[in-house]
Amino acid sequence: LHGYNSEHKYRRSRGGGGVSIFVENSIEYFVREDLCYQNDNIETLFIEIDKDQIGKDKNVLIGVIYRPPDTDIKSFNTSTSEILSTIKK
């Protein structure tokens with residue numbers, strides 16, 4: 001997309017899919033690799049924007065969490081809980 005940077009995490013284990021985030025060119029950010037997961041049951045991608053970029057008191061975290069069709073919901077929930085625990089820290 002014109003005027004946007006993009007970040008992608010493509011599926012490795014099977015065809016199609018993956019997750020993406022598009023960010024306006026003027027916004028600086030970094031990918032939070034510690035929050036990015038990709039396995040048979042979950043695909044995630046997170047970026048962090050410095051608070052000074054957007055005039056906030058704290059940095060802003062933006063993420064995509066996706067559960068592919070016909071995958072194990074318990075494993076998805078466990079992985080999501082791990083991500084949320086990391087974010088809380």
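There are 3 salt bridges in this structure, a salt bridge being a side-chain nitrogen of Lys or Arg within 4 Å of a carboxyl oxygen of Asp or Glu. This is a predicted model, where local features need pLDDT of at least 70, side-chain atom pairs count only at pLDDT 80 or more, and totals for chains, interfaces and linings use all residues. Residues are numbered from 1 along each chain as its sequence is written, and side-chain values use heavy atoms, with hydrogens and water left out.

Take Arg-32. Its salt bridge with Glu-48 has the closest N and O atoms 2.6 Å apart. That pair links distant parts of the chain, 16 residues apart, with Glu-48 in strand S4 and Arg-32 in the loop between S3 and S4. Strands here are DSSP runs (E, at least two residues), numbered from the N terminus. Arg-32 also forms a salt bridge with Asp-34, at 2.8 Å between the closest N and O atoms. Shared partners join Arg-32, Asp-34 and Glu-48 into one network.

On burial, the cut-offs are under 20% relative accessible area for buried, over 50% for exposed, and partly exposed in between, with a 1.4 Å probe and protein chains only. Arg-32 counts as buried because its value is 18%. Glu-48 is buried too, at 11%, while Asp-34 is partly exposed at 41%.

Lys-9 and Glu-33 also meet in a salt bridge, 3.1 Å from N to O. Lys-9 is in strand S1 and Glu-33 in the loop between S3 and S4, 24 residues apart.

Last, confidence. The chain has a mean pLDDT (the predictor's confidence in each residue, from 0 to 100) of 90, and 94% of its residues reach 70 or more.

Terms used. Helices (H or I, at least four residues) and strands (E, at least two) are DSSP runs, numbered from the N terminus.
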